[in-house]
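Open the model in your viewer and keep the sequence panel beside it. The stops below are given in the order in which to select them.

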Amino acid sequence: MADWQVIDGPETAASFASKIAESPLRQVQRTSIAAALAFSVAHIEKSIFNGLQRVIDMSGDGPNNQGGLVTSARDDVIANGITINGLSLMLKGTGNGWYHMLNLDHYYEDCVI
């Protein structure tokens, strides 16, 4: 994970991008968008930086299928004055897996953001 950092030029941007690129990629079939939103709020609240906006950029290739209700987590984020940007990753596949969801973009629009 790359922690908070001021990016003020090409060198610090490259350093930050390198930290992200070096992070391990986890691919599992269980996803808790609700837990990710709660983690993000806590991380924003403890930041030493005071930005002009507080935004969570969320992306994923499936719905919330573990943990608490995503709509409750979303409501808590919004109540804290934080905006959620959501990007659903519509992957090509057979669509036969139990974790597959048609119209994931609609789910993100209705439940996540």
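Is L25 buried or exposed? Select L25 to start: L25 counts as exposed, because its relative accessibility is 73%. Here buried means under 20% relative accessible area, exposed over 50%, and partly exposed in between, with a 1.4 Å probe and protein chains only. L25 sits in the loop between α1 and α2.

The model is predicted, so local features need pLDDT of at least 70 and side-chain atom pairs count only at pLDDT 80 or more, while totals for chains, interfaces and linings use all residues. Residues are numbered from 1 along each chain as its sequence is written, and side-chain values use heavy atoms, with hydrogens and water left out.

**The whole chain**

Zoom out and colour by secondary structure. The protein chain has four helices and two strands, and from the N terminus they run α-α-β-α-β-α. These elements are DSSP runs numbered from the N terminus: helices are H or I of at least four residues, strands E of at least two. The C-alpha trace spans about 45 × 30 × 20 Å along its principal axes. Of the 113 residues in the protein chain, 25% are buried.

Switch to a surface view. The protein chain exposes about 8,100 Å², and carbon and sulfur atoms supply 54% of that area; the method is Shrake-Rupley with a 1.4 Å probe, and for residues only the protein chains shown count as cover.

Among contacts with a separation of 6 or more, 73% are between residues 24 or more positions apart.

Select Q5, in the segment before α1 (10–22). Q5 is partly exposed, because its relative accessible area is 23%. Leaving aside neighbours within four places in sequence, Q5 is in contact with T12, S15, F16, K19 and F49. Show the side chains of Q5 and K19: a polar contact of 3.0 Å joins them. A polar contact is a pair of N or O atoms within 3.5 Å; within protein, one must be able to donate a hydrogen and the other to accept it, and residues adjacent in sequence count only if both atoms are side-chain atoms.

**The core**

Which residues have the most contacts inside the largest nonpolar core? Select I33, L37, Y107 and V112; the core has 17 residues. The elements giving two or more residues to this core are α2 (33–45), β1 (55–60), α3 (70–79) and α4 (104–112). A nonpolar core is a set of buried Ala, Val, Leu, Ile, Met, Phe, Trp, Tyr and Cys residues joined through side-chain atoms within 4.5 Å.

Centre on Y107. Not counting residues up to four places away in sequence, Y107 touches I33, P63, N64, V70, M101 and V112.

Move to N65, in the loop between β1 and α3. N65 counts as buried because its relative accessibility is 17%. The side chain of N65 reaches the backbone nitrogen of T31 at 2.5 Å.

Finish at S88, in strand β2 (residues 83–88). S88 also counts as buried, at 15% relative accessibility. Beyond residues up to four places away in sequence, S88 touches G60, L104, D105 and Y108.

Terms used: Contact = heavy atoms within 4.5 Å.
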